[in-house]
Amino acid sequence: MGSLEAERTTTGWAARDPSGILSPYTYTLRNTGPEDVFIKVTCCGICHTDIHQTKNDLGMSNYPMVPGHEVVGEVVEVGSDVTKFRVGDVVGVGCVVGCCRSCRPCDTDNEQYCLKKIWSYNDVYNDGKPTQGGFAGSMVVDQKFVVKIPDGMNPEQVAPLLCAGVTVYSPLRHFGLMESGLRGGILGLGGVGHMGVKIAKAMGHHVTVISSSDKKKVEALEHLGADEYLVSSDAEGMQKVAESLDYIIDTVPVFHPLEPYISLLKLDGKLILTGVINTPLQFVSPMIMLGRKAITGSFIGSMKETEEMLNFCKEKDLSSMIEVVKMDYVNTAMERLEKNDVRYRFVVDVAGSKLDQ
């Protein structure tokens, strides 16, 4: 194990302005320390949030910005106090790389809700350096926010699980919705939604996919294993499913009405929002009151839940459906993702790409 004192440089692909267009960018990695893991990035998934951030849709973007928070890589070096990982381990990094470690969320293994959490990119680390994400050759990450990938799992298949997979697993776990026999709905069949179908089915749920068109009906039923497929504009079909679902995981990342989906929930049913939307949503309160229904939200998952989710996926032989691309295709991939033209997650082969051109 060599010295971790000297700063390193790496090359990633960064957005320079709200156009969101990425191009090569060489930068200095933050100083490493005793608790840190130096990771050579193998691959990284592309999430819809990467588009929001690179295009400043939320009004909080800082440039240059290297996106990417579904990172899988190999441990190259570890700090002197690192106990969880060894050189050569295959590991993952998600959306969060730091927290205060003293608030109630941190004390209860819910560090993703820490008000002082540090995002894996578009944020500032404790040393004042900007954080940069996984569309890059390497990262330095505190061991608390690194997870070991179970042996035998394909890195490219695992990458989307670190955001899309745990985004579904966490609310099902937290709200006590893991028991077999529940009836669930998955609203939106993208990166998060397709993992929602797979995970819910593996838990023994009856799963209805709800979409705005029938374009993905065959895929949902035949390839992903959904039990039913519902087009939201089909009034008769929506009426048949009314008051029947225990929960709906709403993965749609753009504005949409909530009332049609609230009507599908049974008594005490939950509509769980997981998509990042920058415009207000609305509903009339009697739709909630007269069924004691709940509209709630959930944000990714804790490191503990991420470990559980990966082990669950390994045990159930679950993987994401992906399209692997090289870094020089990343701008086209993000354009296609905006149009939902992907089945169901792009993953960038970082290690196999030329990052400096």
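Relative accessible area is classed here as buried when under 20%, exposed when over 50% and partly exposed in between, with a 1.4 Å probe and protein chains only. By this rule K240 is exposed, with a relative accessible area of 67%. The structure is a predicted model, in which local features need pLDDT of at least 70 and side-chain atom pairs count only at pLDDT 80 or more, while totals for chains, interfaces and linings use all residues. Residues are numbered from 1 along each chain as its sequence is written, and side-chain values use heavy atoms, with hydrogens and water left out.

The domain assignment gives domain 1 as residues 9–163 + 320–349 and domain 2 as residues 167–297; such bounds come from an automatic or database domain assignment. The centres of the two domains, taken over C-alpha atoms, are 28 Å apart. Contact, defined as heavy atoms within 4.5 Å, involves 13 residues of domain 1 and 15 residues of domain 2.

The size of an interface is often given as the accessible area lost when the parts come together. Buried area is the accessible area (1.4 Å probe) that two parts lose on being put together, summed over both. For domain 1 and domain 2 the buried area is about 1,300 Å², with 57% of it on carbon and sulfur atoms. On the side of domain 1, the most area is lost by M321, R343 and Y344, which together account for 41% of what that side buries.

A salt bridge is a side-chain nitrogen of Lys or Arg within 4 Å of a carboxyl oxygen of Asp or Glu. One salt bridge is counted between domain 1 and domain 2. E219 and R343 form a salt bridge through their side chains, with an N to O distance of 2.8 Å. Polar contacts are pairs of N or O atoms within 3.5 Å; within protein, one atom must be able to donate a hydrogen and the other to accept it, and residues adjacent in sequence count only if both atoms are side-chain atoms. Seven residue pairs, both members at pLDDT 80 or more, are in polar contact across the interface of domain 1 and domain 2. Helix α1 (residues 48–54) supplies the largest share of the side of domain 1 that touches domain 2, namely three residues. Helices (H or I, at least four residues) and strands (E, at least two) are DSSP runs, numbered from the N terminus. The residues on that side of domain 1 comprise five nonpolar, five polar and three charged, where Ala, Val, Leu, Ile, Met, Phe, Trp, Tyr, Cys and Pro count as nonpolar, Asp, Glu, Lys and Arg as charged, and the others, Gly among them, as polar.

The structure holds 18 salt bridges. In one of them K240 pairs with E236, the closest N and O atoms being 4.0 Å apart. Both K240 and E236 lie in helix α7 (residues 235–241), four residues apart, about one turn of the helix. E236 is exposed at 56% relative accessibility, and K240 is likewise classed as exposed.

The side chains of D246 and K266 form a salt bridge with an N to O distance of 3.4 Å. D246 belongs to strand β15 (residues 245–250) and K266 to strand β16 (residues 265–273), so this pair ties together parts that are 20 residues apart in sequence. D246 is buried at 18% relative accessible area, whereas K266 is partly exposed at 28%.

R336 and E323 form a salt bridge, with 2.9 Å between the closest N and O atoms. Since R336 lies in helix α11 (residues 330–338) and E323 in strand β18 (residues 322–325), the pair ties together parts that are 13 residues apart in sequence. R336 counts as buried at 18% relative accessibility, and E323 is partly exposed at 26%. Salt bridges that share partners also join R173, E305 and E308 into one network.

H256 is located in the loop between β15 and α8 (259–262) and is buried, with a relative accessible area of 8%. Its side chain makes a polar contact of 2.6 Å with the side chain of D250. A polar atom of the H256 side chain also lies 2.7 Å from the backbone oxygen of V254. Leaving aside residues up to four places away in sequence, H256 touches L187, D250, Y261, I277 and L281.

D328 lies in the loop between β18 and α11 and is exposed, at 61% relative accessibility. The C-alpha atoms of D328 and L318, ten residues apart along the chain, are separated by 29 Å.
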